[in-house]
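Work through the exercises below with the sequence and the structure at hand. Try each task before reading its solution.

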Amino acid sequence: MNINPGGDLLPPDVTDRLATQAIEVPSWAYGNSGTRFKVFGTPGTPRTAEEKIADAAQVHRFTGLAPRVALHYPWDLVDDFGALRRFAEDHGVGLGTINSNTFQDDDYKFGSLTHVDGAIRRKAIDHHLRCIEVMGQTGSRDLKIWLADGTNYPGQGDIRARQDRLAGSLGEIYAQLGDDHRLVLEYKFFEPAFYHTDVPDWGTAFAQTLALGEKATVCLDTGHHAPGTNIEFIVAQLLRLGKLGSFDFNSRFYADDDLIVGAADPFQLFRIMYEVIRGGGLEEATGVVFMLDQCHNVEEKIPGQIRSVLNVQEMTARALLIDQDALGAAQESGDVLGANEIYMDAFYTDVRPALAAWREGRGLPAHPMNAFAESGYQQQITTSRAGGTQLGWGA
């Protein structure tokens with residue numbers, strides 16, 4: 001086994017791969033959020049899309065891990081998306097995935113792309129076509145679609161017909177993608193539809209995107225599964241099939257809690273990152289986008305995002321330390337405990353000191369959380385953003 005103690009330098013093959021790691025941060029993580037019952041306000045919360053991006057840029061400044069900001073349309077609606085793109089570039093970041101929204105209008109009470117009413121389906125389709133226009137102005141590659149569509153009661157809707165309507169709607173959207181665009185379909189086990197959800201699992205998302213074509217892929221949100229689901233198996237399958245388009249990283253204890261990634265089960269994050277590495281998901285040619293999808297309700301938002309990207313980096317580094325040759329030999333020989341020991345040795349390796357030294361060597365703070373706290377940025381925005389209307393869910 002070739003495991004380095006945490007104080008030693010990481011092997012060059014590990015640091016070379018870590019140097020290319022990029023994690024999109026979501027614009028909505030910097031706005032106000034809360035529970036089903038109340039959205040909480042916090043001092044310094046952005047009042048404009050530009051202020052969201054300025055905050056997101058701080059994550060990249062202190063970690064070097066977050067070069068792009070995902071947008072939510074229309075939560076991040078501005079008069080000029082080209083100007084917003086230039087604003088982001090001036091702050092050292094780019095604009096990433098465009099996330100659509102067909103779940104907050106009254107018209108979508110009984111569905112959007114699957115709605116029985118053709119006029120409402122048309123409205124939902126046109127919304128996505130507008131998102132594609134925005135992608136042309138922001139330089140974004142991916143259009144991510146998550147649907148709240150589904151039913152609450154048996155017999156409420158025709159499950160088969162809803163799948164047919166979904167396929168037709170997605171087909172219209174797919175046909176308008178640019179040559180460099182992708183459609184990324186996200187699935188969710190339940191909520192807000194409790195009897196059946198129209199895209200509840202990776203199999204449904206895979207089937208729909210397979211029918212669309214090569215520019216359609218699946219988004220895996222780590223919180224969108226039944227308890228006990230082997231998420232790394234799904235990662236392996238989608239990579240094997242060439243259909244894993246992106247991750248929405250978060251963590252949960254009971255349902256879709258959208259907590260800091262790795263907070264509830266860091267070992268799960270390690271297992272996921274191992275399968276990403278095993279399946280080539282870190283390679284640029286694979287096209288996998290790593291993105292956070294989290295809300296920060298009780299913790300400060302920028303530190304919450306910094307902590308999140310660092311958690312992903314740490315578990316990636318640990319997973320890269322697995323001695324692939326030794327593991328393969330143990331697996332081939334049927335050495336059950338030996339194979340598990342190789343795997344667990346990598347997980348238990350404390351890579352934090354080595355990562356701190358590596359960051360310093362790249363001109364980044366050894367300890368990004370501390371560096372941000374000492375920068376005074378949080379105090380500055382708390383003072384400068386007094387007044388105005390803070391942004392949050394739905395705005």
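**Exercise 1: Strand E4 and its neighbours**

Two bridges join strand E3 to strand E4, and these strands run parallel. The model is a predicted one. Task: find which residue in E4 is the bridge partner of Asn-99, which residue in E6 stands opposite Ile-145, and which way the side chains of E4 point.

Solution.

Step 1. Start from E3 (94-99). The bridge partner of Asn-99 in E4 is Lys-144.

Step 2. Follow the chain from E3 to E4. Helix H4, residues 118-138, forms a right-handed β-α-β unit together with E3 and E4.

Step 3. Turn to strand E6, residues 182-186, which pairs with E4 in the parallel sense over four bridges. In E6, Leu-185 stands opposite Ile-145.

Step 4. Look at the side chains. In a regular strand they alternate between the two faces of the sheet. In E4, Asp-142 and Lys-144 point one way, while Leu-143 and Ile-145 point the other way. All four are buried.

**Exercise 2: The whole chain**

Task: state how many helices and strands the chain has, and decide whether its radius of gyration is close to or far from what the globule rule gives.

Solution.

Step 1. The chain has 14 helices and ten strands.

Step 2. The radius of gyration is 21 Å, and the globule rule gives 21 Å for 395 residues, so the chain is as compact as a globular protein of that length.

Step 3. Along the principal axes, the C-alpha trace spans about 60 × 55 × 40 Å.

Step 4. Of the 395 residues, 56% count as buried.

**Exercise 3: Pockets**

Task: for the largest pocket and the second largest pocket, give the volume, the residues closest to the centre and the classes of the lining residues.

Solution.

Step 1. The largest pocket holds about 1,300 Å³ of space. It is lined by 43 residues, and those closest to its centre are Arg-36, Trp-146, Lys-188, Glu-191 and Asp-256.

Step 2. Sorted by class, this lining has 16 nonpolar, 13 polar and 14 charged residues. Strands E4 (142-145) and E5 (150-151) each supply at least two residues of it.

Step 3. The second largest pocket has a volume of about 480 Å³. Among its 22 lining residues, Ala-22, Arg-68, Glu-284, Val-288 and Val-289 lie nearest its centre. Helix H1 (12-18), strand E3 and strand E10 (289-292) give two or more residues each to this lining, and E3 has the largest share, with three residues.

Step 4. The lining of the second largest pocket has six nonpolar, eight polar and eight charged residues.

**Exercise 4: The cavity**

Task: state how many cavities of 30 Å³ or more a search of the whole structure finds, and list what lines the largest cavity.

Solution.

Step 1. Rolling a probe the size of a water molecule over the atoms shows where empty space is left. The search finds one cavity of 30 Å³ or more.

Step 2. The largest cavity has a volume of about 50 Å³.

Step 3. Its lining consists of Lys-188, Phe-189, Phe-190, Glu-191, Gly-223, His-224, His-225, Arg-252, Ala-255 and Asp-256. By class these are three nonpolar, three polar and four charged residues.

**Exercise 5: Gly-280**

Task: decide whether Gly-280 counts as buried or exposed.

Solution.

Step 1. Gly-280 lies in the loop between helix H8 (266-278) and E10.

Step 2. Buried means under 20% relative accessible area. Gly-280 has 16% relative accessibility, so it counts as buried.

Technical notes:
Residues numbered from 1 in each chain as written. Predicted model: local features only at pLDDT ≥ 70, side-chain atom pairs only at ≥ 80, totals over all residues. Heavy atoms only, no water. 1 Å grid on protein atoms, 1.4 Å probe; cavity = no way out; pocket = protein on both sides within 12 Å on 5 of 7 lines; lining within 4 Å. Points joined across faces, edges and corners; volume = space filled by probe spheres on them. Nonpolar A, V, L, I, M, F, W, Y, C, P; charged D, E, K, R; others polar. Buried < 20%, exposed > 50% of the residue type's maximum accessible area, 1.4 Å probe, protein only. Pairing = 2+ DSSP bridges. Right-handed = clockwise from strand over helix to strand, strands pointing away. Rg over C-alpha atoms; globule rule 2.2 N^0.38 Å.
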